[in-house]
Amino acid sequence: MIYEPPAIYGIIGNPVAHSLSPVMQNAAFKALEVNAVYKLFPLVDQEELKLFMEDLKEENNPIFGLNVTVPYKEDVLPYLDSIDPLAEKIGAVNTLVIDHQRKIRGFNTDGPGFLSHLTELNFDIKDKRVAVLGAGGTARAIISVLCLLPQGPERITLYNRTRSNAETLVEEIGKKINTKMVTVVDEPEDLNIELADLLINTTNIGMNAADPLLIDPASLHKDMLVYDVIYNPAETKLLEQARLKKAATANGLGMLFFQGVLAFWHWSDVELDERIKKIMRNSLEKASHGS
Ligand SMILES: NC(=O)c1ccc[n+]([C@@H]2O[C@H](COP(=O)([O-])OP(=O)(O)OC[C@H]3O[C@@H](n4cnc5c(N)ncnc54)[C@H](OP(=O)(O)O)[C@@H]3O)[C@@H](O)[C@H]2O)c1
């Protein structure tokens, strides 16, 4: 392991207060008896981000790994010394590794985390019809990895409140990834959810009880998986409606877990064993139920 006590890990973003990553990563450190701690680093603006990233380069800085969340997943790119090829294709990073020479390398574990969860759910994506709600950072990671799969979906239909953001997303990732299977549509009805095998909500809508449903629940059906990247609440209105229609459902806690396991691996080169993974997963489940 690369840790030198006291090694510090953490998450930068705004806001970060509700992140469940500290619970999961600190549970792993504790179980492995590693002298390291995972902390929250709220950075209110670009100026704070700049100072923080410059400070990371300092010889005595004890931070060896970070997660990056909204709104800085693209903003940190100029501060990196190198970037993993997948993260470069996606155009966003959510994990940073800082080595002993204080060189910063960026990775994206959101997309692979989502794919690992699909695998755990026994959902075979090959030749499936996928509908996506939202075109933010999470959609970018998920659509990128789906388009990169050698045996990927037949088509991806994408609806976003601001259509131009969806078009920009496809145009930008399309410079490095073949996105010909992706179609941007005008209205949620154009997603043809009645014919979809997988619906993925990547928007923030569903986090609050008062949030509307973005799609007509009548279009949900029993032969599909409805995946919501939101994990708090555990069952969003969308997932509730999907359950009532007897669709398979999943929230984003599994994606959060798998991206965290992968981040840990990038930081430590340690392939976590099943016992530690279980401790991490249990700590997440417990914290999400308690929140
Ligand atoms: N499970 C996990 O591991 C995981 C990982 C990352 C993120 N997440 C979750 O994913 C969600 C999105 O995060 P993000 O980083 O992708 O955020 P983001 O980049 O800010 O994107 C937000 C998306 O939601 C849409 N949206 C926001 N308000 C809306 C509204 N009132 N009506 C319709 N659409 C609306 C935005 O549309 P416009 O383009 O029109 O603004 C955009 O497409 C968050 O809930 C986050 O917690 C989960």
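For sorting residues by class, Ala, Val, Leu, Ile, Met, Phe, Trp, Tyr, Cys and Pro count as nonpolar, Asp, Glu, Lys and Arg as charged, and the others, Gly among them, as polar. In this predicted model, the shell around the ligand then divides into ten nonpolar, 13 polar and two charged residues. Of the 25 residues around the ligand, those that come nearest are Gly136, Thr138, Thr162, Thr203 and Gly252. Two or more residues of this shell are given by each of the elements α4 (110-120), α5 (137-148) and α8 (253-268).

The chain is divided into domain 1 (7-108 + 254-290) and domain 2 (111-251), with C-alpha centres 25 Å apart. The ligand lies between the two domains because both give residues to the shell around it.

The domains also meet directly: 14 residues of domain 1 are in contact with 20 residues of domain 2. On the side of domain 1 that touches domain 2, α3 (85-90) and α8 each supply at least two residues, and the largest share, six residues, comes from α8. By class, this side of domain 1 has seven nonpolar, five polar and two charged residues.

Helix α8 has a further partner in α1 (residues 21-31): the axes of the two helices come within 11 Å and cross at roughly 45 degrees, which makes α1 oblique to α8. The crossing is right-handed. Here Ser21, Met24, Gln25 and Ala28 in α1 meet Phe257, Gly260 and Phe264 in α8, a contact with four nonpolar, three polar and no charged residues.

How values were computed. Residues are numbered from 1 along each chain as its sequence is written. This is a predicted model: local features need pLDDT of at least 70, side-chain atom pairs count only at pLDDT 80 or more; totals for chains, interfaces and linings use all residues. A residue is near a molecule or strand if its C-beta atom, placed from the backbone, lies within 6 Å of it. Helices (H or I, at least four residues) and strands (E, at least two) are DSSP runs, numbered from the N terminus. Domain bounds come from an automatic or database domain assignment. Axes are lines fitted to C-alpha atoms, for helices over the stretch in contact, and angles run from 0 to 180 degrees between N-to-C directions. Angles under 35 degrees count as roughly parallel, over 145 as roughly antiparallel, 65 to 115 as roughly perpendicular and the rest as oblique. A crossing is left-handed if the near helix is turned anticlockwise from the far one by less than a right angle, and right-handed if clockwise. Two residues are in contact if their C-beta atoms, placed from the backbone, lie within 7 Å.
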